[in-house]
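My notes follow in the order I looked things up.

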Amino acid sequence: MSMTLADSITEMPVRERVAELGQRVLDGGQISRDEALELAQIENNADIMDLLAWGNRIRERFKGNKIHLCSIVNAKAGACSENCSFCAQSAAYQTESPRYGFVDPEPVAEAMSEAKANDVTAVGLVAAWRGLKEGPMLDEVCDRIREMKENGQSRPDASLGLIESQAVADRLKEAGLSCYGHNLESSRRFFPEHCTTHTFEDRLKTIQFLKNAGIKICSGGIIGMGEAREDRVDLAMQLREIDANVVPINILNPIEGTPLENQKPLPPMEILKTIAVFRFILPRKEIMIAGGRTVNLRDMQSMVFTAGASALMVGNYLTTLNQPVEKDLQMLRDLGLDPDWDNDFADQLADESCGSRCGCDDNATTA
Ligand code: SF4
């Protein structure tokens, strides 16, 4: 029977309980949902710091000191038919977000060159629309992916919304796509609170088509939308179940004009604790900190790695700015981390790292 937080307080200090669970993960074991919830409920800052230290140890054990960097290109902006309440690109809300049609080859080639210059592993093509169906738009998307693959300066990834048939996923694979960003966004329970135009199940179905096609999965979510700690744990457990390769964690950056514009931000220690809990649940995965880190963590950004993160989205997000890439690279060097992530290294550890964009922008995932 799993121990509850109350039990752990009476039977052993939280510090020892964290160490017990941390050692189990380091030794190759797993923690249960209840145990993850125990960790997520820790309130005391000193205990949270212990938890972060274990998150860091687990990251080092399974990911070494390599940090995987990704960037994105906004391939089609705004006027999305979906109503994700965190997203500036939904047509349902009045925001300042730009609107334009599908991207030409030149900006994509520029993004590839910039990525190469900054040791960025992958460039993700991200489109704000419901999803991809067979037809001329899919042809154009596949052309762009093929061009990215031929360009060869960085890995071509994509985040193009819902996929409703196996044939579409197979076409993307044929074009040269290796990883697709498609966030679950939140727990199954909380999902209808922020989106009613499609379902959690639609997202799971998309992921299944992609996996059948042999495309790696970049899937995570957004925290700070008003969800409970339980929802965050359930999201991580679901990601463990679908065996996502890369797990982006976005932190809500409330956008004026969206239903979440007045959402109270999560305290930085709560964000760092969540990253550590994800690392405990997903010890071998690439946990990527994506949108919202600068605005929510401010001077504490570098602590994401000491909490267990192993990947970072760099460059600007879809609708908001990030800090300059040079600053991120300096931060990694100062921490003794190596942004020069390479495939050989990843393959040695486990076949579960890929270049990818995260499925999201500032909040705003993709489609
Ligand atoms: S998150 Fe994606 S699907 Fe949802 S509104 Fe924004 S662009 Fe559309």
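**Entry 1: α10 and α11**

I began with the handedness of this pair: α10 passes α11 in a right-handed crossing. I am working from a predicted model. Helix α10 covers residues 229-242 and helix α11 covers residues 268-281. I noted a packing angle of about 30° and axes 10 Å apart. An angle under 35 degrees counts as roughly parallel, so α10 and α11 are roughly parallel to each other.

Next I listed the residues that meet. From α10 I have Arg 232, Val 233, Ala 236, Met 237 and Arg 240. Facing them in α11 are Thr 274, Val 277, Phe 278 and Ile 281. By class, this contact of α10 with α11 holds six nonpolar residues, one polar and two charged.

**Entry 2: α6 and α7**

I moved to helix α6, residues 136-151, and its packing on α7. Their axes come within 8 Å and cross at roughly 25°. That angle makes α6 roughly parallel to α7. I logged the crossing of α6 past α7 as right-handed.

On the α6 side, the contact uses Leu 138, Cys 142, Ile 145 and Arg 146. On the α7 side, I found Val 168, Arg 171, Leu 172 and Ala 175. I sorted the residues of the contact of α6 with α7 into six nonpolar, no polar and two charged.

**Entry 3: α7 and α9**

I stayed with helix α7, residues 166-175, and turned to helix α9, residues 200-213. How do α7 and α9 lie relative to each other, parallel or oblique? Their axes come within 8 Å and cross at roughly 50°. The two helices are therefore oblique to each other. The crossing of α7 and α9 is right-handed.

I wrote down Gln 166, Ala 169, Asp 170, Leu 172 and Lys 173 as the α7 side of the contact. The α9 side consists of Phe 209, Leu 210, Asn 212 and Ala 213. Five nonpolar, two polar and two charged residues make up the contact of α7 with α9.

**Entry 4: strand β1**

I then checked strand β1, residues 68-76. How many of its nine residues are buried? I get nine of nine, and the strand is mostly covered.

I followed its pairing next. Strand β2, residues 122-127, runs parallel to β1, and six bridges join them. Within that pairing, Val 73 stands opposite Leu 125 in β2. Strand β11, residues 311-313, also pairs with β1 in the parallel sense, over three bridges. There I found His 68 opposite Ala 311 in β11.

**Entry 5: Gln 41**

Gln 41 lies between α3 (33-40) and α4 (45-63). I counted 17 other C-beta atoms within 10 Å, so Gln 41 is partly exposed. A residue needs 20 or more to be buried. Gln 41 and Lys 273 are 232 residues apart in sequence. In space, their C-alpha atoms are 9.3 Å apart.

**Entry 6: the whole protein**

The protein has 15 helices and 11 strands. Of its 367 residues, 54% count as buried. I also took the contacts with a separation of 6 or more: 82% of them come from residues 24 or more positions apart.

Note on methods:
Residues are numbered from 1 along each chain as its sequence is written. This is a predicted model: local features need pLDDT of at least 70, side-chain atom pairs count only at pLDDT 80 or more; totals for chains, interfaces and linings use all residues. Axes are lines fitted to C-alpha atoms, for helices over the stretch in contact, and angles run from 0 to 180 degrees between N-to-C directions. Helices (H or I, at least four residues) and strands (E, at least two) are DSSP runs, numbered from the N terminus. Angles under 35 degrees count as roughly parallel, over 145 as roughly antiparallel, 65 to 115 as roughly perpendicular and the rest as oblique. A crossing is left-handed if the near helix is turned anticlockwise from the far one by less than a right angle, and right-handed if clockwise. Two residues are in contact if their C-beta atoms, placed from the backbone, lie within 7 Å. Ala, Val, Leu, Ile, Met, Phe, Trp, Tyr, Cys and Pro count as nonpolar, Asp, Glu, Lys and Arg as charged, and the others, Gly among them, as polar. A residue is buried if 20 or more other C-beta atoms lie within 10 Å of its own, exposed if 12 or fewer, and partly exposed in between; C-beta atoms are placed from the backbone. Two strands pair if DSSP finds at least two bridges between them.
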